[in-house]
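Subject: Structure for you to look at

Hello,

Here is the structure I said I would pass on. Please open it and keep it beside this message while you read.

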Amino acid sequence: MFLTNGKRRAGTLVLLVLFVAGPASADRRGYVWTYEYMTMPKGTSELEYYLTARVPDLHKYDDRNTWEHQVEYEYGLTDHWDVAVYQRWEHTNTLADDEFEYTGTKLRTRYRFGEKGMYPVDTLLYLEYIRPDDSDSSEVLEGKLILAKDFGKINVAWNQIVEDGITNDGETEHAYAAGLNYEFNPTWKLGLESTGNLTDDKYYLGPTVSWSGEKFWVALGGLRGLNDRSDDLRTRLIAGFPF
């Protein structure tokens, strides 16, 4: 039931944003979990919508599944430095109850060094502050070292991630995200992504496809859990609307 409602909400948001969207060029994503060597150009803005699904057990899909909604506004302060703010909601569907709630906000900044191809590896630093709406949950400071390289039409990217719970006895976790994709043409990219939480021993692998049009771009990916600790399935859709 929620799947239908979630699609309606997502569709409504997409239609509304299309009225203010410009050419889809600023922060077009080739991956959905892995960040690339990219920042917003100076003075440009983009609105992005994320829809993420988590299914712990495919055989018990009706028992529990979670849908996360996230809206991001990002702005380029310089050609190498940008900032963003996120608002987040979550719908948890269980046999006992359905709950849709606001889950908090995030603030993010990125800085990239040099220009693409200037150094042996393209390098970008990412810092994010996560403030949950639940006062019992820990606030989180997340840092990412983003390394990337293009080999013709092939892109390779690696994100080394540290998440530090800075309140309520939060813990420190180490994770990664990695991707490889091929650009068939300026419109289509097809790739493979892997993510993992090294602290909790959870690992995932799956395909990603990215499409870019004149007014917006869309990326869609799915991950399959690689061990018993991991969710069976995770999917994510990101739509970007530059203006």
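Predicted model: local features only at pLDDT ≥ 70, side-chain atom pairs only at ≥ 80, totals over all residues.

Residues are numbered from 1 along each chain as its sequence is written, and side-chain values use heavy atoms, with hydrogens and water left out.

The fold

The protein chain has one helix and 12 strands. Helices (H or I, at least four residues) and strands (E, at least two) are DSSP runs, numbered from the N terminus.

The 12 strands form a closed barrel in the order 1-2-3-4-5-6-7-8-9-10-11-12, and the pairing is antiparallel. On average, neighbouring strands of this sheet are turned by 20° against each other, direction ignored. The axes behind that angle are lines fitted to C-alpha atoms (for helices, over the stretch in contact), and angles run from 0 to 180 degrees between N-to-C directions. Strands of a sheet pair through backbone hydrogen bonds, either parallel or antiparallel. Two strands count as paired if DSSP finds at least two bridges between them.

For one example, look at strand 8 (residues 172-183) and strand 9 (residues 188-197), which run antiparallel and are joined by nine bridges. L180 has L192 in strand 9 as its bridge partner.

Surface and contacts

Of the 243 residues in the protein chain, 44% are buried. Buried means under 20% relative accessible area, exposed over 50%, and partly exposed in between (1.4 Å probe, protein chains only). The protein chain exposes about 12,500 Å², and carbon and sulfur atoms supply 59% of that area. These areas come from the Shrake-Rupley method with a 1.4 Å probe; for residues, only the protein chains shown count as cover.

Among contacts (heavy atoms within 4.5 Å) with a separation of 6 or more, 51% are between residues 24 or more positions apart.

Two loop residues

Most residues other than glycine have a negative phi. N168 has a positive phi, near 55°. N168 is in the loop between strand 7 (154-165) and strand 8, and counts as partly exposed because its relative accessibility is 45%. D201 also is not a glycine and has a positive phi, about 60°. D201 lies in the loop between strand 9 and strand 10 (202-212), and is partly exposed at 32%.

Salt bridges

Side chains of opposite charge can pair when their charged atoms come close. A salt bridge here is a side-chain nitrogen of Lys or Arg within 4 Å of a carboxyl oxygen of Asp or Glu, and by this rule there are 14.

E74 and R108 meet in one of them, at 2.6 Å from N to O. The pair links distant parts of the chain, 34 residues apart: E74 is in strand 2 (residues 64-76) and R108 in strand 4 (residues 98-112). E74 is buried at 0% relative accessibility, and R108 is buried at 3%.

R131 and E139 form another salt bridge, at 3.1 Å from N to O. R131 is partly exposed at 43%, whereas E139 is buried at 18%.

In the salt bridge of E142 with K144, the closest N and O atoms are 3.5 Å apart. E142 is buried at 6%, and K144 is buried at 10%. Separately, salt bridges that share partners join E72, E74, D82, R108 and R110 into one network.

Regards
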